[in-house]
Amino acid sequence: MNSFVRKTLVVQLQSGDGDRFPVMAHLSYDAADPFALTMVFSHDGRVLARWALDREMVGAGLTRPVGVGDVRLRPESRGMWDELCIEFLGDARPDGGRHRAVVYVWAPAVAAFLRDTHGVVRPGREEVRVDDFLAEVIAGG
């Protein structure tokens, strides 16, 4: 059985109040970390950012606003397009605000990716390997 799921999508990045522009988003899921998804954003061969997201939260964000910390998700409809809007909040700016980037992802593609991850580890069947985690922490990894 395959314990990895990967998908690459073109998403729309909006920084500040400016226009959107396309970037690549590489989504991955590893059964060894069953609660998390990884999103790596790249443009012109350069990695722009890497985020670990809660798999359950991403699924919930397809239907309702979720998140109160550095990552917030909400569904958005733009005519015929259903999108998942992901807002990333970064470090503080000199003016007291925070750096902010918003990514718009085609919602059906995210839903399909999540279904594929559920085929690897069903929701509610995730296992936490506490001994492995503690050994990694103690080893300094």
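This is a predicted model: local features need pLDDT of at least 70, side-chain atom pairs count only at pLDDT 80 or more; totals for chains, interfaces and linings use all residues.
**Notebook: charges, fold and a nonpolar patch**

Started with the charges. I looked up the 17 positive and 20 negative charges of the protein, and their mean positions lie 4 Å apart.

Next, the fold. I find three helices and seven strands in the protein. Going from the N terminus, I read the order as β-β-β-β-α-β-β-β-α-α. For the overall dimensions, I took the box along the principal axes: the C-alpha atoms fill roughly 45 × 40 × 30 Å.

Then I checked packing. Of the 141 residues in the protein, 30% are buried. I also looked at contacts with a separation of 6 or more, and 36% of them come from residues 24 or more positions apart.

On to the surface. The protein exposes about 9,000 Å², and I note that carbon and sulfur atoms supply 53% of that.

Which residues form a nonpolar patch on the surface? I wrote down Met80, Trp81 and Trp106, which together have about 450 Å² of accessible area.

I stayed with Met80 for a bit. Where is Met80 placed? I find Met80 in the loop between strand S5 (71-78) and strand S6 (81-92). Is Met80 buried or exposed? Its relative accessible area is 82%, and the cut-off for exposed is over 50%, so I put Met80 down as exposed.

Note on methods
Residues are numbered from 1 along each chain as its sequence is written. Side-chain values use heavy atoms; hydrogens and water are left out. Patches are made of residues with over 30% relative accessible area and no salt bridge: like charges are joined within 9 Å, nonpolar side chains (Val, Leu, Ile, Met, Phe, Trp, Tyr) within 5 Å. Accessible areas come from the Shrake-Rupley method with a 1.4 Å probe; for residues, only the protein chains shown count as cover. A salt bridge is a side-chain nitrogen of Lys or Arg within 4 Å of a carboxyl oxygen of Asp or Glu. Helices (H or I, at least four residues) and strands (E, at least two) are DSSP runs, numbered from the N terminus. Buried means under 20% relative accessible area, exposed over 50%, partly exposed in between (1.4 Å probe, protein chains only). Contact means heavy atoms within 4.5 Å. Lys and Arg count as positive and Asp and Glu as negative; His and the chain ends are not counted. The place of a charge is taken as NZ of Lys, CZ of Arg, CG of Asp or CD of Glu.
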